[in-house]
Amino acid sequence: MQNSEFVRRYSTVAIALHWVIAVLIAVNVCLGIGSDYVPDESVRTVIDLHKSIGITVLGLAIMRLLWRVFHRPPEFPRDMPKWERKGAHAAHFLLYVLIFFLPLSGWMHDSAWKDAATHPMHLFNVIPWPRIGFIEHIEPGERERLHDQFGALHTYLGYALYLLFAAHVLGALKHQLLDHQPELQRMWPKGKGEHGV
Ligand code: HEM
């Protein structure tokens, strides 16, 4: 078993991106689902904030993907079984896919909205943000159909995220609590007097 005093951890950039993206996604799931339950006069505000946070996540997800392409993550503990390594790799790969395609599908859904032209997007009410041009300019009947399909895609990618998130957390807790590996510390900044890279 790996010495729990010595932790191979992710870099500061990876740790910061991981937690900022995780928190923003959690907030956005609440806003996306919550938009059905807020009073009518607040719906637009909630959805506009949801879109702004979603586009921010898309930007951060691109940075995270680029980071991952150019950096190897810290090695798994040597005695970690092969099936667990494969499972963790698959879950991480799918999470990267989702943090990118979930906001992208939302942006596609919104770009196909029939009122997109009369309701321009502004990130956090400040920065003008475009719709996806080729979707916005599709013929209205076809665009309406795509609006529904992209909306359904956005919802189903959300369901996939809930499942993967559960697997990700259960896996981390297994390593931490049952296998007594310093799992959470890998994704947490080094504290004073702690050993590790
Ligand atoms: C972190 C990224 C995102 C997450 C986790 C997320 C999650 C969600 C969830 C869970 C829902 C509710 C789905 C349902 O109940 O069927 C939703 C709805 C929606 N999302 Fe996103 N979303 C993200 C990004 C975006 C982006 C970037 C846009 C547009 C630019 C967007 C536009 C929408 C719209 C228009 C709805 C429908 C709201 C309604 O009319 O009820 N989302 N989203």
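Predicted model: local features only at pLDDT ≥ 70, side-chain atom pairs only at ≥ 80, totals over all residues.
Residues are numbered from 1 along each chain as its sequence is written.

The iron atom of the ligand is coordinated at 2.0 Å by NE2 of His 50 and NE2 of His 154, where donors are N, O and S atoms within 2.8 Å of the metal (3.2 Å for Na, K and Ca). The two histidines lie 104 residues apart, His 50 in helix H2 (residues 40-70) and His 154 in helix H5 (residues 140-178), helices being DSSP runs of H or I of at least four residues, numbered from the N terminus. Because the 6 donor atoms subtend angles of 87 to 178 degrees at the iron atom, the arrangement is octahedral (six donors, opposite ones over 155 degrees apart and all others between 65 and 115).

Glu 84 belongs to helix H3 (residues 82-111) and, with 8% relative accessibility, counts as buried (under 20% relative accessible area, 1.4 Å probe, protein chains only). Its side chain forms a polar contact of 2.7 Å with that of Lys 174, a term that within protein requires a pair of N or O atoms within 3.5 Å, one able to donate a hydrogen and the other to accept it, with residues adjacent in sequence counted only if both atoms are side-chain atoms.

Definitions and conventions. Heavy atoms only, no water. Buried < 20%, exposed > 50% of the residue type's maximum accessible area, 1.4 Å probe, protein only. Tetrahedral: all angles 85-135°; square planar, octahedral: opposite > 155°, others 65-115°.
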